[in-house]
Amino acid sequence: MIYLDHAAATPLRREVATAMAEIAHAPYGNPSSSHGWGRAARAALEDARERAAQALATAPRRVHFVRGGTESINLAILGRVDWALASGRARPWLLRSTLEHSAVRAAMAAAEARGCIVQTIDVSPTADIVLPAGGAGALQGAALVSVQWVNQETGLRLPVEALAESCAEAGVPLHVDAIQAGGKLHIDMSAHPISALSLSGHKLGGPASTGLLVLAEGVELHPRVFGGGQERGLRPGTEDVAGAVGFAVALDISVRQLERETVRLAALRERLETGLLGRLPRLRVHGAEGPRAPHILNVGVPDTSPDLLHAALDGAGIAASPGTACRSGAVTASPVLRALYGEEATRNAPLRLSLGWPSKPGEVDRAVKTVSAVVEGFSAR
């Protein structure tokens with residue numbers, strides 16, 4: 001089996017498993033308890049928070065542990081909506097890009113159902129963000145703008161840094177879905193006026209169902225669940241100490257290896273892309289018109305049934321996907337590809353091949369041969 005679906009989930013790093021095992025085998029304590037075991041659990045949790053904060057160049061009090069990227073995104077968006085409604089805004093106004101992950105799109109749809117106004121921001125295939133008429137001034141009055149840093153399907157890298165400046169100029173908070181950017185791009189929360197940032201553990205070689213929401217000073221949200229005062233009241237419930245430790249270790253390793261790993265992954269992606277185009281020149285490379293993160297290659301396969309293509313690849317030992325794993329097995333052109341390429345996207349079977357920390361050149365070379373053979377088999381029919 002050749003695993004090329006790291007954008008969906010990448011294997012747990014050995015160092016992460018070791019750190020989590022040490023927590024699991026330590027005397028059990030609730031971090032909210034005042035006895036010795038509870039204080040030890042609290043210390044491990046806060047050490048993890050400090051480690052994550054250092055990796056992102058932010059203050060530990062800004063880091064909130066949550067149960068995955070989807071929860072982080074929903075808390076950022078709907079927590080902001082709840083705050084806006086409680087503050088007396090009759091119809092809060094939100095913006096998102098046309099390329100957003102289903103977690104953002106669904107959260108925005110839920111906001112619309114509650115009476116909010118949601119406007120989309122177009123993104124070109126070259127990754128240019130087209131603001132509403134009036135530019136940065138047109139953003140004034142919005143309750144929140146939510147934009148991803150790296151597109152989960154094409155790897156397209158959006159100019160979040162410039163957008164953050166525009167939002168700051170307009171006095172509007174910017175939420176960034178950095179789930180595909182974590183460990184692939186340099187994230188410095190002190191360098192850009194980003195109000196909220198979401199990360200997910202299992203994209204970094206950390207444990208599944210772990211995530212972070214990083215909030216800048218002064219950004220107001222309401223919690224989505226209620227109970228105790230954990231995570232500064234934003235995410236009540238007993239904290240997953242082992243999960244937090246695992247996340248922090250994975251993030252720390254990813255950041256320390258970032259410069260070397262991005263060069264390595266970009267070279268592997270280029271090797272994969274060049275190899276496939278050499279054998280299959282009719283492939284359409286999605287996202288190649290703009291800057292891309294190093295780990296994602298998305299191609300369109302012409303004259304091929306999407307469902308049959310992915311079934312055949314799976315049978316041939318290639319773990320890939322048509323796009324984001326959260327689309328519940330869907331293999332038709334996604335909203336992302338339609339937004340970028342219109343109806344042309346429907347003429348090709350989408351295929352996302354994504355690389356991760358375990359990926360090796362030999363796997364890429366074997367994948368080129370196997371994928372090409374499968375696609376050529378369809379062409380010969």
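Strand S13 (residues 348-354) is largely enclosed by the rest of the structure, because seven of its seven residues are buried, where buried stands for under 20% relative accessible area, exposed for over 50% and partly exposed for in between, with a 1.4 Å probe and protein chains only. The structure is a predicted model, in which local features need pLDDT of at least 70 and side-chain atom pairs count only at pLDDT 80 or more, while totals for chains, interfaces and linings use all residues. Residues are numbered from 1 along each chain as its sequence is written, and side-chain values use heavy atoms, with hydrogens and water left out. Helices (H or I, at least four residues) and strands (E, at least two) are DSSP runs numbered from the N terminus.

- Strand S11 (residues 296-302) and S13 run antiparallel and are joined by seven bridges; two strands are said to pair if DSSP finds at least two bridges between them.
- Within this pairing, Gly300 has Pro350 in S13 as its bridge partner.
- Leu272, which has its place in helix H7 (residues 258-279), is buried, with a relative accessible area of 1%.
- Leaving aside neighbours within four places in sequence, Leu272 is in contact with Leu297, Leu353, Val364, Ala367 and Val368, contact being heavy atoms within 4.5 Å.
- The C-alpha atoms of Leu272 and Val364 are separated by 5.9 Å, although these residues are 92 residues apart along the chain.

**The open sheet**

- Eight strands form an open sheet of mixed pairing, in the order S2-S9-S8-S7-S6-S3-S4-S5, and its edge strands, which each pair on one side only, are strand S2 (63-66) and strand S5 (129-130).
- S2 pairs with strand S9 (residues 211-215) in the antiparallel sense over four bridges, and Phe65 has Leu212 in S9 as its bridge partner.
- Helix H4 (residues 102-113) packs on the sheet and touches strand S3 (93-97), strand S4 (117-123) and strand S6 (144-148), while its direction makes about 160° with that of S3; axes are lines fitted to C-alpha atoms, for helices over the stretch in contact, and angles run from 0 to 180 degrees between N-to-C directions.

**Strand S3 within the sheet**

- Five of the five residues of S3 are buried, so S3 is largely enclosed by the rest of the structure.
- Both faces of S3 are covered, with Trp93, Leu95 and Ser97 buried on one side and Leu94 and Arg96 buried on the other.
- S3 pairs with S6 in the parallel sense over three bridges, and Leu95 stands opposite Val145 in S6.
- S3 and S4 also run parallel, joined by five bridges, and Ser97 stands opposite Ile121 in S4.

**Domains and cores**

- The protein chain is divided into domain 1 (2-9 + 258-380) and domain 2 (14-256), with bounds that come from an automatic or database domain assignment.
- The C-alpha centres of domain 1 and domain 2 lie 28 Å apart, and the contact takes 30 residues from each of domain 1 and domain 2.
- The largest nonpolar core has 64 residues, of which Val145, Trp149, Leu197, Leu199, Leu212 and Leu251 touch the most other members; such a core is a set of buried Ala, Val, Leu, Ile, Met, Phe, Trp, Tyr and Cys residues joined through side-chain atoms within 4.5 Å.
- Helix H6 (residues 241-256) gives the most to this core, with 10 residues, and the core draws at least three residues from each of domain 1 and domain 2.
- Apart from this core lies another, of 26 residues, among them Leu265, Leu309, Ala349 and Val375.
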